[in-house]
Amino acid sequence: MATVELRFSALPEHVRTARLVAAAVARRAGVDEAVLDEVRLAVGEACTRAVGLHQHVGITAPVTVSLIEEEKQFSIEVGDEAPHTAPGTKAPGAVADELEAEEDEMGLAVISGLVDDVEVRAGEDGGLIRMTWPTAPAVLPPI
């Protein structure tokens, strides 16, 4: 199992780099070429979400992206350190928080539409989005 880990400051300009690295590693891992655009878009959406959560709460810790190559699958985990509250709980009069919650739900819906196998975990210590794609066995060129 090979893993590439990327950590970047929670700034929007770094999301593009994460997308490019994810696509390159996915290609090397054997993810179908036809799916690479979906990989880029899903990683971009997940990283943008993590950056937004960090900036909203004022967290200076980096966003983490783990690219994990396993035997028949390739997974990407995007982690944030923003505290997440239970669904339905909110501070009174928090209109901005309601709008951000709607944007967050929209981002998760986009990711779910792009990736068949998605797992979202969230708690007081942060959140994690794990996206998984099947890989084709490596075909070595003839000698």
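I began with threonine 135, whose side chain reaches the backbone nitrogen of glutamine 73 at 3.4 Å. The model I am reading is a predicted one.

**Threonine 135**

I placed threonine 135 in the segment that follows strand S5 (126-134). I listed its contacts next, leaving out neighbours within four places in sequence. They are Ala29, Gly30, Val31, Glu71, Lys72, Gln73 and Phe74. Gln73, in that list, is the residue whose backbone nitrogen the threonine 135 side chain reaches.

**Arginine 40**

I found arginine 40 in helix H2, which covers residues 36-57. Its relative accessible area is 22%, and I noted it as partly exposed. I looked for polar partners of the side chain and recorded aspartate 37, joined to the side chain of arginine 40 by a polar contact of 2.4 Å between side chains. Beyond four places in sequence, I noted contacts of arginine 40 with Arg19 and Ala23.

**Confidence**

I looked up the mean pLDDT of the protein, which is 87, with 84% of residues at 70 or more. Strand S2 (residues 63-69) has the highest confidence, at 97, and helix H3 (residues 95-114) the lowest, at a mean of 76. Over residues 91-96 the pLDDT stays under 50, and I found 0 contacts beyond four places in sequence for them in the model.

Definitions and conventions
Residues are numbered from 1 along each chain as its sequence is written. This is a predicted model: local features need pLDDT of at least 70, side-chain atom pairs count only at pLDDT 80 or more; totals for chains, interfaces and linings use all residues. Side-chain values use heavy atoms; hydrogens and water are left out. Helices (H or I, at least four residues) and strands (E, at least two) are DSSP runs, numbered from the N terminus. Buried means under 20% relative accessible area, exposed over 50%, partly exposed in between (1.4 Å probe, protein chains only). Contact means heavy atoms within 4.5 Å. A polar contact is a pair of N or O atoms within 3.5 Å; within protein, one must be able to donate a hydrogen and the other to accept it, and residues adjacent in sequence count only if both atoms are side-chain atoms. pLDDT is the predictor's confidence in each residue, from 0 to 100.
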